[in-house]
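Subject: Structure for your review

Dear colleague,

Please find below the structure that I am handing over to you. I would be grateful if you would look through it alongside the notes in this message.

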Amino acid sequence: MMIRIFLAAMAVSFAGFGLWSLLEPLGMTSSLGVQVSGPNGAYEMRGVYGGVSLGAACLMAAGAARQSFLRPALWFLVAYLGGYVFARGAGLLLGPAPTPDFYLFIGFETLGLILAVVSLRANTGR
C-alpha cells in the first residue's frame, strides 16, 4: 500500500509540474532563474517539461491504480530520476553551482530515486 501511495504522490507532483510547464512554459523557467525565450523555447519547454512530466504522471497513476503497472512505473522512476541525479551530481562537480532554488530539485529527485529503488526491492517477485 505504501508503494501505491508513493506512486500517487509522484503522479500528483509530475502532473502539477507538467501542467505548469505546458500552460506557462516561459513563466515556469523564468521563476527558476532559467532564461528561455521565443516561440521555439516555449515549444521545447512544453514538450520536454510539460509533455514528459504529464506522461510520467499518467504512468505513476497507472502504477498506483493497477498492479501490472506498478513495477514499470518504478523502473521508469529509477531511470528518469537516476538520470537527473547523475547529471545534477556531475553539474555540481563541473560547476558552477546552481542557485539555492535548485537544491530543492536535487533533494526531490534524490529522495524519489531512493524511494523508487527501495520500493522495487520491496516488490521483488510480485
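The notes below go from the whole chain to particular residues.

Please keep in mind that this is a predicted model.

Overall form

The chain has five helices and zero strands. Read from the N terminus, its elements follow the order α-α-α-α-α. Along the principal axes, the C-alpha atoms fill a box of roughly 45 × 35 × 20 Å. The radius of gyration is 15 Å, which agrees with the value near 14 Å that a compact globule of 126 residues would have.

Of the 126 residues, 32% count as buried. The chain exposes about 7,400 Å², and carbon and sulfur atoms supply 71% of that area. Contacts also reach across the sequence: among those between residues at least 6 apart, 70% join residues at least 24 apart.

Aromatic residues

The structure holds seven aromatic pairs. One of them joins Phe76 and Tyr80, whose ring centres are 5.2 Å apart and whose planes meet at 15°. Planes under 30 degrees apart count as stacked, so this pair is stacked. Both residues belong to helix H4 (residues 67–94), where they are four residues apart, about one turn of the helix. Phe76 has a relative accessible area of 26% and is therefore partly exposed. Tyr80, at 19%, is buried, because the cut-off for buried is under 20%.

Another aromatic pair is formed by Phe102 and Phe105, with 5.5 Å from centre to centre and 35° between the planes; this pair is tilted. These two residues lie in helix H5 (residues 101–122), three residues apart, which is again about one turn of the helix. Phe102 counts as buried, with a relative accessibility of 17%. Phe102 and Phe105 also belong to one aromatic cluster, together with Phe17, Trp20 and Tyr49.

A buried serine

Is Ser53 buried or exposed? Its relative accessible area is 2%, so Ser53 is buried. Ser53 is placed in helix H3 (residues 38–65). If its neighbours within four places in sequence are left aside, Ser53 is in contact with Phe14, Phe17, Gly18, Val48 and Tyr80.

A nonpolar patch on the surface

Met1, Met2 and Ile5 form a nonpolar patch on the surface, and together they have about 400 Å² of accessible area. Ile5 is located in helix H1 (residues 2–23). With 48% relative accessibility, Ile5 counts as partly exposed, because the cut-off for exposed is over 50%.

A cis peptide bond

Most peptide bonds are trans. The bond from Gly95 to Pro96, however, is cis, with omega near -5°. Where does Pro96 lie? Pro96 is in the loop between H4 and H5.

Yours sincerely,
A colleague

Methods:
Residues numbered from 1 in each chain as written. Predicted model: local features only at pLDDT ≥ 70, side-chain atom pairs only at ≥ 80, totals over all residues. Heavy atoms only, no water. Patch = residues over 30% accessible without salt bridge, like charges linked within 9 Å, V, L, I, M, F, W, Y side chains within 5 Å. Areas by Shrake-Rupley, 256 points an atom, 1.4 Å probe, with all protein chains shown as cover. Salt bridge = Lys/Arg side-chain N within 4 Å of Asp/Glu carboxyl O. Buried < 20%, exposed > 50% of the residue type's maximum accessible area, 1.4 Å probe, protein only. Rg over C-alpha atoms; globule rule 2.2 N^0.38 Å. Contact = heavy atoms within 4.5 Å. Phe/Tyr/Trp six-rings, centres within 6.5 Å; stacked < 30°, edge-to-face > 60°.
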